[in-house]
Amino acid sequence: MPKKVENVGCPYCGVCCDDLVVTVSDDGKKILEVENACAIGNQIFHHATDGERVQLPRLRQPDGTYKDISYDEAIDYAANVLYKAKKPLIYGFGSTNCEGMAAAAKVAEKAGAVLDNCASICHGSSFLAIFDNGYPSCTLGETKNRADVIVYWGANPAHAHPRHMSRYSIFPRGFFTGKGHKSRKIIVVDPRHTDTAQVADIYLQVQQGHDYELFDAFRAVVRGHEIPDVVAGIKREQIVEVADILKKARFGTIFYGMGLCHSDGRNHNVDIAISLTRDLNDFTKWTIMAMRGHYNITGPGAVWSWQYGYPYCLDLTKRDIAHMNPGETSSIDLAMRDEVDAFINIGTDAGAHFPIDAVKHLRKHPWITIDPNICMASEISDLHIPVGIVGVEVPGIVYRMDNVPIQYRKVIDPPEGVISDEEVFERIHQRLCELEAEEAAKEHAKAVPEGVRAGGMNHE
């Protein structure tokens, strides 16, 4: 009889929906149905058992084809690549668990690598702003239960986070928001009239690249100052109207997305958004939250900050000293300067997301992809190591976009022989230790003078 597994976490976006119900076949090998998930989350679960999975590591051959090899051979290849490299880069981690991230950090420290995650090409600018200006945030549960004014700025959750609006912001009925959508005022700020803007009470079509100016105008109005007739394409009357709504809110949350991080201003946009949030707290309660993309892209920031004091762009080339300087130690900058001589792509697709020039530089050197799926990165790799899908075949801790840790469970076993990200990195670390010990033994043997046994002086 098929079995239902309840309270399952979704391995898609930063909302980390944990209310899924997954029906598994009676033999426990096939997923039959997924309830409550969005279309993308549903597909991730069904993909796990669709029969087209890569189940063995694949090594690139001289003729360009792939050859299946064992996990032991793959681990040995990866460890030797890292051991011989002078400055390897380990990048990704948007789609794996925190246990895998911690194990990867051990490998990076042992190999003297640069350790980076997807934030360096998305919300890294948020980190820079938060370092400077703090982060007056809250949990998604607080927003659901308390917020009567919601602002989406440079974000389109209708497409990027499909259940965000229904679970936490616009439609749910919370403890103090019992009327759901009717008890909330929704404001969307975006250069495009997105699907999210269609459900807004007020839509402000900000001029592309002028978000900073509009934030500045809101701050001026909130503080009682005059502003020009038009700012960033928005009339003064609209700005004053919205500022009044923000000040009179009982509890408000600003959700901001890549529209701020990737437009002119970048970290300065996020910085002034945080400043506006702080200004509004002189009148009422306001919070701000980044719309993090992958389901556990918040995880490496939490794990590595605890381990090393920095959330991303970690230079561990000195092994026992961590160093972070975005622009110098960030992945794309390193690749564009051709400073990296080995690359591990884990839980992301650098082949699709990096600029083509960066990819060309990285392809000059050994490229290893660790991922359950075939993707652009796996198809240009020298080695592709398939692993179990976290949240489907592998349990573990993930961090939701509001920095709340959630224990994901597994609902089925991975294909026979397929291991987890954590085990891959633990075994690479073990092999690195063995290579280091072998090298030390060789150096010791070379250092022993002729006529002297390795165990001590030769008394004859």
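1. In this note a residue is called buried when its relative accessible area is under 20%, exposed when that area is over 50%, and partly exposed in between, with a 1.4 Å probe and protein chains only. By that scale Glu 434 is partly exposed, with a relative accessible area of 35%, whereas Arg 431 is buried at 18%.

2. The model is predicted, so that local features need pLDDT of at least 70 and side-chain atom pairs count only at pLDDT 80 or more, while totals for chains, interfaces and linings use all residues. Residues are numbered from 1 along each chain as its sequence is written, and side-chain values use heavy atoms, with hydrogens and water left out.

3. A salt bridge is taken here as a side-chain nitrogen of Lys or Arg within 4 Å of a carboxyl oxygen of Asp or Glu, and by this rule the count comes to 24 salt bridges. Glu 434 and Arg 431 form one of them, at 3.1 Å from N to O; both residues lie in helix 17 (residues 421–447), 3 residues apart, which is about one turn of the helix. Helices (H or I, at least four residues) and strands (E, at least two) are DSSP runs, numbered from the N terminus.

4. Arg 167 forms a salt bridge with Asp 18, the closest N and O atoms being 3.1 Å apart. Because Arg 167 lies in helix 7 (residues 164–169) and Asp 18 in the loop between strand 1 (3–8) and strand 2 (20–24), the pair ties together parts that are 149 residues apart in sequence. Arg 167 is buried, at 15% relative accessible area, while Asp 18 is partly exposed at 29%. The two residues also belong to a network of salt bridges that links Asp 18, Asp 19, Arg 163 and Arg 167.

5. A further salt bridge joins the side chains of Arg 236 and Asp 229, at 3.0 Å from N to O. Here Arg 236 is partly exposed, with 26% relative accessibility, and Asp 229 is exposed, with 52%.

6. Helix 3 (residues 98–111) and helix 12 (residues 298–308) pack at an angle of about 45°, with their axes 9 Å apart; axes are lines fitted to C-alpha atoms, for helices over the stretch in contact, and angles run from 0 to 180 degrees between N-to-C directions. The two helices are therefore oblique to each other, given that angles under 35 degrees count as roughly parallel, over 145 as roughly antiparallel, 65 to 115 as roughly perpendicular and the rest as oblique. In contact, meaning heavy atoms within 4.5 Å, Cys 98, Met 101, Ala 102, Ala 105 and Glu 109 of helix 3 meet Gly 299, Pro 300, Val 303, Trp 304, Gln 307 and Tyr 308 of helix 12.

7. Helix 8 (residues 211–222) and helix 11 (residues 267–280) pack at about 15°, again with axes 9 Å apart, and these helices are therefore roughly parallel. Residues making the contact include Phe 215, Phe 218 and Val 222 of helix 8 and Ile 272, Leu 276 and Leu 280 of helix 11.

8. Two backbone values deserve a look. Asn 7, found in strand 1, has phi near 55°, a positive value in a residue other than glycine, and Asn 7 is exposed at 51% relative accessible area. Arg 266, in the loop between helix 10 (258–261) and helix 11, has a positive phi of about 45° although it is not a glycine, and Arg 266 is partly exposed at 43%.
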